[in-house]
Amino acid sequence: MEKWNEDLSALHDGEMDELGAMRILRALDQKPELLDQWELYAVIGESLRQSEPLTHTGMKGAQRALAVIASDQVKPTPQRPKSFSRHWLPLAVAASLALLAVGLNIPYQIAEPLRALASTVVDQGTSILADSRPADPAELDRYVDLHREIAVPGLQRASFVSPEFGGGQQAR
Amino acid sequence: MASLYYESLNPVGISLPAAFQDGLNKLNAEATPSQLPPVNADRAADQVLVERAQRGDQRAFELLVIKYQRKLGRLLSRMIRDPAEVEDVTQEAFIKAYRALGSFRGDSAFYTWLYRIGINTAKNYLVSLGRRAPTTTTYDSEEAENFDDGDQLRDMNTPEAELMSKQIAETVNASMAALPEELRTAITLREIDGLSYEEIATLMACPIGTVRSRIFRARESIAERLRPQLGTAKDRRW
């Protein structure tokens, strides 16, 4: 039992690897007294750190919450995949904004702020990808080229390099 | 500046032997603000459990609940006067935290995240009752760690609870005073100064395994005296 308590003490300090932690967590079903020990360690730590005395306030509520969780009435929401939301979403938004501006043939006064916004979002997205680059009109043109067949009629002639967007070449 | 920070974290006035205090001051001077304990120490300590809980391990979440139930209860007591209501809001806050575990990315310490959930749950509760919720500035998340409960808690405690709390504090302090010096130093460096086992091993010039053993033996010695006062968790479960 002493070995278990020593492992528990190390887990309390975050000095236990995941394998060791799993072993302790699995043992809790057979050794519920480890929970008492864990609580004692928490009380000792708090008591040493705080000038104020300990209370039992909140313990009933905490135990009721654990009972609800144990009965499987609530489930944790699954972790959101970081890859899409953090990496590709900004780029997708930027592309949508850019295509919208071009596709609808929006006048320069409106399109320019949209282009700037798109560029900002691209910047944020690419910085997250550790590949921070400003939006390159030529690259955007290549993207539009690749999707020309499925583009709306106005977009088929679009170019980010055109003077309308501050570039130097006319749309093909 | 840094040593003042450490002094502020040592409310019970446990003094370290001069040799260790010098070493600690050196560590303080070298530490950048982001390295200062106990925020990072807590974050590291909970990381394994949080990750396990996120993968659906209820036992891991149970350990986190046991660890922070009193702290959260104290926090909510500052916003809600009625103890029965505090229990209800604590229950709701922990359930919300469990549900939302998937959204916890580890950008802050687990308790800081739990603290925000607790504050929001309490505010919503007060608003639903038509009571005025405290403003956000009153409970800034920066004070999530090491907030001082102050006189308000003393007012809320029943005389019996206050006496028991006082007895627990006295027992812990008396047990600390009775510990052999190397055990007292090891647990002080860990619990109050928030150092890792590796840092303590460097300071105390001993292997990490020895640090681990000393901290455990110190805890066991204090727990031995404290156990009769706390009873078992089973006695306190509802």
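A:Glu6 touches B:Arg212, B:Ser213 and B:Phe216, leaving out residues up to four places away in sequence, where a contact means heavy atoms within 4.5 Å. In this predicted model, local features need pLDDT of at least 70 and side-chain atom pairs count only at pLDDT 80 or more, while totals for chains, interfaces and linings use all residues. Residues are numbered from 1 along each chain as its sequence is written, chains are lettered from A and ligands numbered from 1 in the order in which they are written, and side-chain values use heavy atoms, with hydrogens and water left out.

A:Glu6 sits in helix α1 (residues 2-12) of chain A; helices (H or I, at least four residues) and strands (E, at least two) are DSSP runs, numbered from the N terminus. At a relative accessible area of 18%, A:Glu6 is buried. The cut-offs here are under 20% relative accessible area for buried, over 50% for exposed, and partly exposed in between (1.4 Å probe, protein chains only). Besides A:Glu6, the buried set includes A:Trp4, A:Asn5, A:Asp7 and A:His12. Just after α1(A) comes A:Gly14, with a positive phi of about 70 degrees.

As for the overall make-up, chain A has 8 helices and 0 strands, and chain B has 11 helices and 0 strands. Buried residues account for 44% of the 172 residues in chain A and for 53% of the 238 residues in chain B. Looking at contacts with a separation of 6 or more, residues 24 or more positions apart supply 45% of them in chain A and 68% in chain B. The accessible surface of chain A is about 9,200 Å², with 57% of it from carbon and sulfur atoms; for chain B it is about 10,800 Å², with 51% from those elements. These areas come from the Shrake-Rupley method with a 1.4 Å probe, and for residues, only the protein chains shown count as cover.

Back where the chains meet, the axes of helix α3 (residues 33-49) of chain A and helix α4 (residues 58-77) of chain B come within 10 Å and cross at roughly 35 degrees. The axes are lines fitted to C-alpha atoms, for helices over the stretch in contact, and angles run from 0 to 180 degrees between N-to-C directions. The crossing is right-handed, meaning that the near helix is turned clockwise from the far one by less than a right angle. Among the residues making this contact are A:Trp38, A:Glu39 and A:Glu46 of α3(A), along with B:Arg59, B:Glu62, B:Lys67 and B:Arg74 of α4(B). By class, the contact residues split into 6 nonpolar, 1 polar and 8 charged; Ala, Val, Leu, Ile, Met, Phe, Trp, Tyr, Cys and Pro count as nonpolar, Asp, Glu, Lys and Arg as charged, and the others, Gly among them, as polar.

Then there is the nonpolar packing. A nonpolar core is a set of buried Ala, Val, Leu, Ile, Met, Phe, Trp, Tyr and Cys residues joined through side-chain atoms within 4.5 Å. The largest one has 67 residues, and B:Phe61 and B:Phe110 touch the most other members. Not counting residues up to four places away in sequence, B:Phe61 touches residues including A:Leu66, A:Ile69, B:Phe94, B:Tyr98 and B:Phe110. A second, separate core of 16 residues includes A:Val43, A:Ile44, B:Ile192 and B:Ala218. B:Phe94 turns up again around A:Ala65, which is also in contact with B:Gln91 and B:Ile95, leaving aside neighbours within four places in sequence. A:Ala65 belongs to helix α4 (residues 59-70) of chain A and is buried, at a relative accessible area of 1%.

Over in chain B, helix α9 (residues 181-191) is mostly covered, with 8 of its 11 residues buried; B:Leu183, B:Arg190 and B:Glu191 are among them. The C-alpha atom of B:Leu183 is 9.7 Å from that of B:Ser221, 38 residues apart along the chain. B:Ser221 is in helix α11 of chain B and, at 31% relative accessibility, counts as partly exposed. B:Ala205 lies in the loop between α10 (197-204) and α11 (208-230) and is exposed, with a relative accessible area of 68%. Its phi is near 50 degrees, a positive value in a residue other than glycine. Most residues other than glycine have a negative phi.
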